[in-house]
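Please keep the model in view while reading.

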Amino acid sequence: MTNSIAEIENSKCIFIIGSNTSEAHPLIGSRILKAKEKGAKLIVADPRKIQLSFYADIFVRHQLGTDVALINGILNVILKEGWYDRKFVEERTEGFKEFRKVVEKYTPENVEKITGVRAQDIRKIADLYARSKSSSIIYAMGITQHITGVDNVKSLCNLAMLCGQIGRESTGVNPLRGQNNVQGACDMGGLPNVYPGNQPVSDGQMAEKFEKAWGTKLSTKPGMTLTEMLKAAMAGEVKAMFILGENPMVSDVDIQHVEKSLEALDFLVVQDIFMSETARLADVVLPGVSFAEKDGTFTNTERKVKRVRKAIEPIGSSRQDWDIICDLSTRMGYPMRYDDPSKILEEVAQVTPSYGGIYYDRIETEGLHWPCPNRAHPGTPYLHKDRFSRGLGLFHAIEYLPPEELPDKEYPYFLTTGRIYVHYHTGTMTRRSPSLNKEVEEGFAEINPRQAKELGIIQGERIKVFSRRGEIEIKADLSERMERNTIFIPFHFVESAANRLTNPAFDPIAQIPEFKVCAVKIEKVNH
Amino acid sequence: MEYKTVLTTCGYCGCGCGLYLEVLDGQLVGAQPCKTDSVSQGGLCIKGWNVHEFVQNSERLTKPLIKKDGQFKEATWDEALDTVASRLKKIKEENGPDRIAFLTSAKCTNEENYLLQKLARAVVGTNNVDHCARL
Amino acid sequence: MKAMQARVRKLLEENKIDGFIGLKMEHGHPAPFMFSRENLGEMETLVVGDVRYPLNKALLKVSGQYPDLTFGVMVRGCDERGITELLKWNQLHRDRVIPVGVACSSELAQLCECYKPYPSDWVVGEKTEGIAKSKRLQKIEGMNQKERLSYWLNQFNKCIKCYGCRDVCPMCFCEVCSLEDRNFILTGKLPPENPTFHLSRAVHMVGRCIDCGLCEEACPSNIPVRTLYKKINEIVKEYFDYRTGESSEGKSPLNLLGEVTLELSDVNK
Ligand code: SF4
Ligand code: SF4
């Protein structure tokens, strides 16, 4: 997030797009409601009638995968009406001309044809967003999990820059990260092209710095992304994988492909706390521990580094994950020894400018937002105050592209996937929690009631859902949340895994699969 | 006899709510929101209130496992880690470091993620490091 | 604070109690903790303050594990009402609990609109007068029926079904909770069935709610559930002349239901 969670409460206008915040990020959802109670305007754009839409000043359901068109339509109105922040555009951005040229084509009337959102609603959104004193954009996987995920995000940045709704308190472009420490995993260099703190591996100077710190020679060749790894595994080019606490067997698009890839490996190590679907395929399984059994830090979605504290001893002979990695490294001939995790974060601070001032003694009581370059620095709740990371903010001229797969005669409905309030990710933890499992025990497919009636499907009946990739059997759940042409399936349930159906097409830059749109057909199950 | 509450950060979603784990004689017996935490402000979602439950689930892996003839066999830490170390070293020597790939974890701590990518880059010598968070 | 520390130390040293459930200042936050003879050295970290946690709930957990031991617990007016009821419901044993009282600050009493913001005896704080009639409740009672209905439906629609209002409640000790009865309340959707979910809980608060307000403090959606239960308490007082937790005599009206029939129109008066 460019801005902190606390700031949401004081926004004057909040634009939520592609985020079912009250279910997937409940405690941010509650901040949004608090803002609303303080008088903020709420704009919700989502194909499903989500809980927050009840409180929206304006709620629109754009057709799946038409985010760029919708946002361009909003931008078009703002430009035409002159509601944009001229000073901000002049002083802090570039690329405005080319951007303007593209956006001019997206009149609200044209956009209505693409998105299904009425032109007058597009005008109203533009008005609320551009003319409020401080507007924040909140989005989640509904924006990123598309072949145009990067374009979607850039379009939202265009919107914030055009209106000068960034670099100030209670504004910004705020992605909500799905898992507790995705932010931290990225910050710590869990990416093929960067060291911790986003420092490129291909930059010789960086490599030199890390070579010195780590006392060894390093490769400057960027590595493979997960998608590339799996492909390479299938082709025999990757022979071994080490997977720490993840379950790509359920979370990845196109599970069948993942399974084949992992099976093709010569050697697979999985370090996890449960025998996940992925761990089953491993040659060696190392039992790590849960967050309750270790000390450390998580970095939440607002870039705040917070303490994790050990409450109980590791279960059985499981060992703390950091300790296992140190031991393995030592056995491979590179001794790694730390008295405790605080010493590891000290090393992180040495090599990572954005974490340079983050030490355990400083986050005893309250976390710190990075960037926090030195011990005296108070942390940075909101980014881009006087300049963007690259200097001037760059407008992108972006054209709308439809999703890779659209409904047709054979597969006539849209399928979209997401989370529900009870479960988390692939359910390895939540489904083993009695209270949570009891709350929702099995997967379901939400279908519009009129649509269901046409198909002769009744509430609770078992149905089959097919796509070009596979099929699943699942319980039908008739719900007014859905529009007629679209069904929704939460992705937590392995026995009715939505990702057997989803389309493995992915964004060319971010390599995020298009989980949010594919085409399916539905049939009754006749037992 | 000991009852205490331990201040920590929720292990589920990215909100990062501050919560207390309740510990009675070394066992987790509950979770509750920290009233003075800046994120949770004394509230949690259903996952947070029950975050202690999965930890002591009977299906937890408690011993290292090595697969032999398609079956997992319990192993000691020495056996398991030596197997991993020698297999990875062998593949690295015979096929090159870029034949090995690592996935770090959005569920693990910063410290652990840092160490795993360090293992990949400094010890194995590859930048084949990614995570599942796109998903 | 010092007075509380001294009292707890004395109780422990004289073997009057085996543990004391209170608040400990740790990492800059007050947190529930049990002081005992083994950790007397930490007594300096015992705090009082205005931040409240469900200490009675912690007490139930510990005493459930050690039924033969005696525990002290820090109580305010509401907590003491809680103990009184928990004794009646056989959740605690009279000889096994020694409450140590705190009288609430007037700010806290105002915030809570508490009718008795002090226990029968206290070692910290000064007595402040209780608040007879809740302004928050009056405001809602000032609405006409239609406004009131839409007000509540609108509030309940914000619910994220965290069950925090129940989980934090020191008076919710049932093994089976009717909020989880699938024949009664559907699950899997947010908001939960409206108003069934909330009214079910409200009904079960009859004779149980001690008006501590921890439920409302735990509600991430800012739903004024406490105000709702204050109304329940008022009805219980009016119809059964029962004030939950006020005296150790008499049983909760829930035990009577069945003999008395309530007309809905009576309640709407
Ligand atoms: S309690 Fe709920 S909202 Fe808070 S971090 Fe945990 S999962 Fe997220
Ligand atoms: S605490 Fe609030 S949000 Fe949670 S279940 Fe109760 S009323 Fe609903």
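Buried means under 20% relative accessible area, exposed means over 50%, and partly exposed lies in between (1.4 Å probe, protein chains only). This is a predicted model: local features need pLDDT of at least 70, side-chain atom pairs count only at pLDDT 80 or more, and totals for chains, interfaces and linings use all residues. Residues are numbered from 1 along each chain as its sequence is written, chains are lettered from A and ligands numbered from 1 in the order in which they are written, and side-chain values use heavy atoms, without hydrogens and water.

**Chain A overall**

Chain A holds 19 helices and 23 strands. Helices (H or I, at least four residues) and strands (E, at least two) are DSSP runs, numbered from the N terminus. The radius of gyration of chain A is 24 Å, close to the 24 Å of the globule rule for 527 residues, so chain A is as compact as a globular protein of that length. That radius is taken over C-alpha atoms, and the rule is 2.2 Å times the number of residues to the power 0.38. Of the 527 residues of chain A, 66% are buried.

An automatic or database assignment supplies the domain bounds. Chain A has domain 1 (5–176), domain 2 (178–222 + 288–373), domain 3 (224–281) and domain 4 (413–524). The C-alpha centres of domain 2 and domain 4 of chain A lie 35 Å apart.

**Helix α16 of chain A**

Eight of the 11 residues of α16(A) (residues 321–331) are buried, so the rest of the structure largely encloses this helix. Among them are Trp322(A), Ile325(A) and Leu328(A). Contact means heavy atoms within 4.5 Å. The buried residues of α16(A) pack against elements of chain A, including β9 (240–244) and α17 (341–351), and against α2 (77–95) and α3 (110–124) of chain B. Just after α16(A), Gly333(A) takes a positive phi of about 100 degrees.

**Backbone exceptions**

Most residues other than glycine have a negative phi, and most peptide bonds are trans. The table lists exceptions.

| Site | Feature | Value |
|---|---|---|
| Trp370(A)–Pro371(A) | cis peptide bond | omega about -5 degrees |
| Leu190(C)–Pro191(C) | cis peptide bond | omega about -10 degrees |
| Asp25(B) | positive phi | about 50 degrees |
| Asp241(C) | positive phi | about 50 degrees |

Pro371(A) sits in the loop between β14 (368–369) and β15 (393–394) of chain A. Pro191(C) is in the loop between α7 (164–167) and α8 (196–204) of chain C. Asp25(B) lies between β2 (18–24) and β3 (27–33) of chain B. At 32% relative accessibility, Asp25(B) is partly exposed. Asp241(C), in the loop between α10 (225–240) and α11 (264–268) of chain C, is exposed at 58%.
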